[in-house]
Structure formats: structure tokens, C-alpha cells
Amino acid sequence: MRLKFLGKGGSGDGDCPTLYATDQNSYLVQGWKTGQPEMVEIPHLLLGFAEPNTYIGAPMADTGRGTFTLAGRPVTEPESVAQLTLADDETAIEVPKLERTFYGAV
């Protein structure tokens, strides 16, 4: 899986949650571990790095402290993990990248 860096933020030491686009029409989300391998916690600001007219197609829950939890496929392939700089308290998941459709007034 090839990764394209989109943005990072949320911690003071530079090893921050990060959003990547993949060559498989998905997003790789690097976030804080939650105790469940398929779930990460990310700061709200990370969603702002999604590619134009797309969104993260995974259910999210607002923690009430400026972060979301979201679930996806745990990323464990050595060639994919080798492209990441993971802090000890971080892991990565893959989630769908979906196209945004506008349902508002004309």
C-alpha cells in the first residue's frame, strides 16, 4: 500500500495522529491506541486534512474532549507499517474514503 501524507496534529512531540490517502481509494488513520486493535482515537482537527470532496467513511464517536474514536481494519502489513512513524501509544487503521455528496438547497 502506497501512502500519501495529508496532515498531522494533536500532540506536542511531533509524533502526532496522522492522516494518509492510500493507493487503494482509502484512508490510513494513525491515531492513539484505545485497547481495541480496530479502533483509534484522533483529534477533531485531523478530519480537516481529508482530500477535497471526500470524507472518512467510518462511524465515529465524539469523546467530548476534542477527539473522536473510529474503527477500521488494523494495518499490520510490514511494508505499510514501515512507512509510518508510530509513537508507543499509536497504531493505524484503514478506513473507506467516500465521495461527499451535497444534499442542501439549490
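Predicted model: local features only at pLDDT ≥ 70, side-chain atom pairs only at ≥ 80, totals over all residues.
Biologist: Which elements give two or more residues to the largest nonpolar core?

Modeller: That core has 15 residues, and among those touching the most other members are Leu-19, Tyr-27, Ile-42, Leu-70 and Val-95. The elements that each supply two or more residues to this core are β2 (18–22), β3 (26–33), β4 (39–43), β7 (67–71) and β9 (90–99).

Biologist: Is Gln-30 buried or exposed?

Modeller: Gln-30 belongs to strand β3, and, leaving out residues up to four places away in sequence, its contacts include Cys-16, Tyr-20, Ile-42, Leu-86 and Thr-91. Its relative accessible area is 1%, and because buried means under 20%, Gln-30 counts as buried.

Biologist: Which backbone oxygen lies 2.9 Å from a polar atom of the side chain of Gln-30?

Modeller: A polar atom of the Gln-30 side chain lies 3.5 Å from the backbone oxygen of Cys-16. At 2.9 Å from a polar atom of that side chain lies the backbone oxygen of Thr-85.

Biologist: With which side chain does the side chain of Arg-73 make a polar contact?

Modeller: Arg-73 is placed in strand β8 (residues 73–74) and is partly exposed, at 33% relative accessibility. Beyond its neighbours within four places in sequence, Arg-73 contacts Met-1, Ala-92, Ile-93 and Glu-94. The polar contact of its side chain, at 2.8 Å, is with the side chain of Glu-77.

Definitions and conventions
Residues numbered from 1 in each chain as written. Heavy atoms only, no water. Core = buried A, V, L, I, M, F, W, Y, C linked by side-chain atoms within 4.5 Å. Buried < 20%, exposed > 50% of the residue type's maximum accessible area, 1.4 Å probe, protein only. Helix = DSSP H or I, 4+ residues; strand = E, 2+ residues; numbered from the N terminus. Polar contact = N/O pair within 3.5 Å; in protein donor to acceptor, adjacent residues only side chain to side chain. Contact = heavy atoms within 4.5 Å.
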